[in-house]
Amino acid sequence: MSEKAGGTAAAGRGINWVGHPEVSGSLVGASGGTVFVLVNRGGLPGAWPAIALAAWGVAALAYVWTTFVRVRLMPELARPATSAPVVYVLSVLGMVGLIVLGARVLEWVDLPEAQPSLVVTAVGLHFLPFARAFRAPVFRVLGVVLAVIGLLGVTGTVLLGPVAAASAAVLAGLVIFAVMTTLAVLPPVPTPSTALRDAPSSLVT
């Protein structure tokens, strides 16, 4: 491992940085994406379950290579807000509550097959508070995308049946892998404190 000039990032393979929040966080995301794909691909018609499995395999290999094998720059993360632990706990509780209560509502309206899309929506929404609390905009992007996919899945289930919910969940899983892989490939974005520290002295007032 080597420190980048200015201390903004450290170069190395991700496998040596498993404790880094960006790597450990991506592991959680990849695990969730895997569950979405493998659990719901059986609800797809025809050859689509096999296609979904193949797509997951390619996505997983790309994720492992870019996140753990390829030499990359590990960013220096901004310090989380003091409220971050509370935000995390409340977000998880809110996600679980939405899944449980939403499942009952879906049962009440005779639409239980939309539950996979409900789960996708809840997972997406629970990411949104993380963006500000952990000063990580990627959570906002991921949260909005997953929430939209989930809501489209619920709507599609009304119009097209259970295949829409399964499709939304599989797509959500692949999107998670795409985001995690892209995050590992893109150059790290300096934190506000780092950007200030590394700026020319004439710009610092």
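Val144 counts as partly exposed because its relative accessibility is 41%; on this scale buried means under 20% relative accessible area, exposed over 50%, and partly exposed in between, with a 1.4 Å probe and protein chains only. The residue sits in helix 5, helices (H or I, at least four residues) and strands (E, at least two) being DSSP runs numbered from the N terminus. All of this is read from a predicted model, in which local features need pLDDT of at least 70 and side-chain atom pairs count only at pLDDT 80 or more, while totals for chains, interfaces and linings use all residues. Residues are numbered from 1 along each chain as its sequence is written, and side-chain values use heavy atoms, with hydrogens and water left out.

Val144 also belongs to a nonpolar surface patch, together with Leu98, Leu125, Leu128, Val148 and Leu152. Patches take residues with over 30% relative accessible area and no salt bridge, joining like charges within 9 Å and nonpolar side chains (Val, Leu, Ile, Met, Phe, Trp, Tyr) within 5 Å; a salt bridge puts a side-chain nitrogen of Lys or Arg within 4 Å of a carboxyl oxygen of Asp or Glu. The six together show about 470 Å² of accessible area, by the Shrake-Rupley method with a 1.4 Å probe, where for residues only the protein chains shown count as cover. Helix 5 gives the most, 3 residues, and helix 4 supplies at least two.

Leaving aside residues up to four places away in sequence, Leu146 touches Val120, Thr121, Val123, Gly124, Phe127, Ala172 and Ile176, contact meaning heavy atoms within 4.5 Å.

For the chain as a whole, there are 7 helices and 3 strands, in the order β-β-α-α-β-α-α-α-α-α. Of its 205 residues, 40% are buried.

As for confidence, mean pLDDT (the predictor's confidence in each residue, from 0 to 100) is 84 for the chain, and 86% of residues reach 70 or more. Where pLDDT is low, the predicted coordinates should not be read in detail.
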